[in-house]
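Please read this briefing alongside the model. It is meant for someone meeting the structure for the first time.

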Amino acid sequence: KMTKVAIWCRHETDNLIGIGTDIPWHIPSDSKFFADVINGQDVVFGRKTYESVSPKVLENCAVWVLTGDKDYETRYPKADKVVTDIRAFKEFEGDLYIGGGAQVYQAFMDGAPKLMPDIVVDCVYGGAVNVALSGGRIDITPCVDIMEKKYFKLTDDFDRDGVKAALWVKKGDFVEQSVLKRLRLLLESR
């Protein structure tokens, strides 16, 4: 069975995840946690998020870029795949980690039941935001609303450097225990 895992870090007060193409805070331990969670996994990003993630973070991942541009060329065309229709992931073999951005989270969270993540790694930052960044504010409030309605919080918050992280599991779903165990160990060791 495929397990789909969404991982995000949002701001506590407004569910902000970005301003323009930037994350409006810099917490090295949270960036490392994200890299550890997706390490060695199949991970899907939208085009802008893919372009903003360091290639070093992705070197052990199988990367899928979800974009409406069928002619989009990834940094590593032989390795990183372009997908233009989210429905391609309905019958995906293996585990899939959903790494953002907001439109990708929304497409999975609000899509068909077969696309909804089984697990959400919900990281919540409570500190100051760099409001000097240029670009539009990007938030995932609709995704958080769905999470709070259709998922239950499985773990307590694990707090590190002002970021609280917890695992949420879709109600009524069987979740692959090996995936859950791996995520829980990463949470506890962050």
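This is a predicted model: local features need pLDDT of at least 70, side-chain atom pairs count only at pLDDT 80 or more; totals for chains, interfaces and linings use all residues.

Residues are numbered from 1 along each chain as its sequence is written, and side-chain values use heavy atoms, with hydrogens and water left out.

**Nonpolar cores**

- The largest nonpolar core has 33 residues, of which Ile38, Phe45 and Leu183 touch the most other members; such a core is a set of buried Ala, Val, Leu, Ile, Met, Phe, Trp, Tyr and Cys residues joined through side-chain atoms within 4.5 Å, where buried means under 20% relative accessible area, computed with a 1.4 Å probe on protein chains only.
- At least two residues of this core come from each of β1, α1 (28–38), β3 (42–46), β4 (62–66), β7 (119–125), β11 (163–170) and α6 (177–189); these helices (H or I, at least four residues) and strands (E, at least two) are DSSP runs numbered from the N terminus.
- The element that gives the most to this core is α6, with 5 residues.
- Apart from this core lies another, of 28 residues, which includes Phe89, Ala102, Phe108 and Trp168.
- Leaving aside residues up to four places away in sequence, the contacts of phenylalanine 45 (heavy atoms within 4.5 Å) include Phe34, Ile38, Trp64 and Val104.

**Lysine 4**

- Lysine 4 is found in strand β1, which covers residues 4–11, and this lysine is buried, with a relative accessible area of 4%.
- Among the residues that lysine 4 touches, not counting those up to four places away in sequence, are Leu96, Ile98, Met116 and Ile119.
- A polar atom of the side chain of lysine 4 lies 3.2 Å from the backbone oxygen of lysine 114.

**Helix α1 and what follows**

- The buried residues of α1 are Ser29, Asp30, Phe33, Phe34, Ala35, Val37 and Ile38.
- Just after α1, glycine 40 takes a positive phi of about 80°.

**Cysteines**

- A search of the whole structure finds 0 disulfides, a disulfide being a pair of cysteine sulfur atoms within 2.5 Å.
- Cysteine 61 is in no disulfide, and the nearest cysteine sulfur, that of cysteine 123, is 16 Å away; cysteine 61 is buried, with a relative accessible area of 11%.
- For cysteine 123, the closest cysteine sulfur is in cysteine 9, at 5.3 Å, which is too far for a bond; cysteine 123 is buried, with a relative accessible area of 2%.

Terms used. Buried means under 20% relative accessible area, exposed over 50%, partly exposed in between (1.4 Å probe, protein chains only). A polar contact is a pair of N or O atoms within 3.5 Å; within protein, one must be able to donate a hydrogen and the other to accept it, and residues adjacent in sequence count only if both atoms are side-chain atoms.
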